[in-house]
Amino acid sequence: MFLEAFTDYLKLEKNYSQHTVTAYKKDIERFAGFCFKEFDLADIDEAHYPLIRSWIVQLSESGLSNRTINRKISSLNAYYKFLQKTEQIVSSPLKMHRALKTDKKVEVPFSEKEMEEVFRSIPFEDDFEGQRDRLIIEILYATGIRRTELVNIKMDDINYANNTIKVLGKRRKERILPLLPSISSLLLSYLKERSYLKNIQDETYLFLTKGGRKVYETLVYRTINKYFSLVSPKVKKSPHVLRHTFATHLLNKGADLNAVKELLGHASLASTQVYTHNNIAELKKAHLKAHPRNKT
């Protein structure tokens with residue numbers, strides 16, 4: 001099995017994040033475990049589609065959703081395509097595979113009222129963690145950046161003169177985003193509290209834990225879930241929903257779709273168009289109100 005070479009390829013040539021590489025590796029290792037246990041096959045490079053199909057059936061019977069199974073098969077497909085590219089195999093056993101059908105995933109963004117309640121009604125503490133949590137929410141909503149992008153913001157990524165922030169997106173693509181003027185004062189308040197921390201171990205990173213280490217993704221998720229649970233009845237309250245909210249609110253206010261695409265760091269416009277689905281109701285209102293032929 002050429003798993004190590006494959007993960008090096010993902011990191012060095014495809015510029016995938018460590019999080020993505022780890023996920024791919026785990027999926028492939030679990031498939032390898034299945035092959036050895038169920039079919040006594042030690043090398044998945046020799047696997048055929050009927051065997052893969054058996055794995056899919058087992059995954060489905062274990063209760064995993066079609067969406068999750070598709071993701072795992074996608075990891076396996078990428079591995080076999082790598083083996084083809086490096087001429088380790090002639091053809092992929094997944095060349096005729098068709099993804100399982102999935103229901104369209106609809107995420108409900110926070111309303112403008114819910115956002116206002118978070119900023120106006122919740123009494124954030126004046127200590128380090130309170131200032132940090134407030135700033136995390138403000139930056140996520142003001143920029144629409146991903147959770148992974150937020151945790152990796154460095155101190156020198158903030159340009160105070162131009163009021164911009166530099167983030168490193170998927171496949172290590174950099175983009176410069178504008179910061180709202182209101183965030184400047186929040187940054188200063190947070191940095192003041194940050195300077196009082198003892199034993200800072202990850203000095204270069206903007207967001208730290210109380211122990212002086214770089215914040216981690218689970219902490220960011222818990223932060224969003226904690227505060228939004230106080231104002232929103234929505235089932236899902238996550239950093240990604242906040243990113244979804246950012247895009248939806250901009251489009252509702254008439255922002256150009258291409259501009260939102262650039263802000264989000266999407267590679268194609270198709271990815272950004274997902275957010276227009278939530279905008280249909282607003283478009284209908286505007287259409288009825290403005291069209292000369294509407295007599296109602």
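User: Which residues is Thr-164 in contact with, leaving aside its neighbours within four places in sequence?

Analyst: In this predicted model, Thr-164 is in contact with Asp-157, Ile-158 and Asn-159, and also with Ile-176, Leu-177, Pro-178 and Leu-179. Thr-164 itself belongs to strand S2 (residues 164-168).

User: Why does Thr-164 count as buried?

Analyst: Buried means under 20% relative accessible area. Thr-164 has 17% relative accessibility, so the label is buried.

User: And what makes Pro-123 count as exposed?

Analyst: Here the cut-off is over 50%. Pro-123 has a relative accessibility of 68%, so it counts as exposed. You'll find Pro-123 in the loop between H5 and H6.

User: What kind of aromatic pair do Phe-124 and Tyr-227 form, and how do you know?

Analyst: The search of the whole structure turned up 13 aromatic pairs. For Phe-124 and Tyr-227, the ring centres are 4.7 Å apart and the planes are at 35°. Rings pair if their centres lie within 6.5 Å, and planes under 30 degrees apart count as stacked, over 60 as edge-to-face and the rest as tilted. The pair of Phe-124 and Tyr-227 is therefore tilted.

User: Why is that pair said to link distant parts of the chain?

Analyst: Look at where the partners sit: Phe-124 is in the loop between helix H5 (112-121) and helix H6 (128-143), while Tyr-227 is in helix H9 (residues 217-228). The two are 103 residues apart. Both Phe-124 and Tyr-227 are buried.

User: Why are H6 and H9 called roughly perpendicular?

Analyst: Their axes come within 10 Å and cross at roughly 90°. Angles of 65 to 115 degrees count as roughly perpendicular, so H6 and H9 get that label. Arg-132, Asp-133, Ile-136, Ile-137 and Leu-140 of H6 make the contact with residues of H9, among them Leu-219, Val-220, Thr-223 and Tyr-227.

User: What makes H1 roughly antiparallel to H2?

Analyst: The axes of helix H1 (residues 3-12) and helix H2 (residues 18-39) come within 10 Å and cross at roughly 155°. Angles over 145 degrees count as roughly antiparallel, so H1 and H2 are described that way. Their crossing is right-handed. On the H1 side, Leu-3, Phe-6, Thr-7, Leu-10 and Lys-11 take part, meeting H2 residues that include Val-21, Tyr-24 and Ile-28.

User: How do H2 and H4 lie relative to each other, and why?

Analyst: H2 and helix H4 (residues 66-85) have axes that come within 9 Å and cross at roughly 90°. H2 and H4 are therefore roughly perpendicular. Residues of H2 including Ala-23, Tyr-24 and Phe-31 meet residues of H4, among them Leu-76, Tyr-79 and Tyr-80. Ring pairs also join Tyr-24, Tyr-79 and Tyr-80 into a cluster with Phe-6, Tyr-9, Tyr-16 and Phe-82.

User: How do you know that Lys-214 lies over the face of Tyr-205?

Analyst: Lys-214 is at 4.6 Å from the ring centre of Tyr-205, and the distance cut-off for a charge over a ring is 6 Å.

User: What does the protein look like overall, in numbers?

Analyst: There are 13 helices and three strands, and the C-alpha atoms fill a box of roughly 65 × 60 × 35 Å along the principal axes. Of the 296 residues, 42% count as buried.

Note on methods. Residues are numbered from 1 along each chain as its sequence is written. This is a predicted model: local features need pLDDT of at least 70, side-chain atom pairs count only at pLDDT 80 or more; totals for chains, interfaces and linings use all residues. Side-chain values use heavy atoms; hydrogens and water are left out. Rings of Phe, Tyr and Trp (its six-membered ring) pair if their centres lie within 6.5 Å; planes under 30 degrees apart count as stacked, over 60 as edge-to-face and the rest as tilted. Helices (H or I, at least four residues) and strands (E, at least two) are DSSP runs, numbered from the N terminus. Buried means under 20% relative accessible area, exposed over 50%, partly exposed in between (1.4 Å probe, protein chains only). A charge sits over a ring if NZ of Lys or CZ of Arg is within 6 Å of the ring centre and within 35 degrees of the ring normal. Axes are lines fitted to C-alpha atoms, for helices over the stretch in contact, and angles run from 0 to 180 degrees between N-to-C directions. Angles under 35 degrees count as roughly parallel, over 145 as roughly antiparallel, 65 to 115 as roughly perpendicular and the rest as oblique. A crossing is left-handed if the near helix is turned anticlockwise from the far one by less than a right angle, and right-handed if clockwise. Contact means heavy atoms within 4.5 Å.
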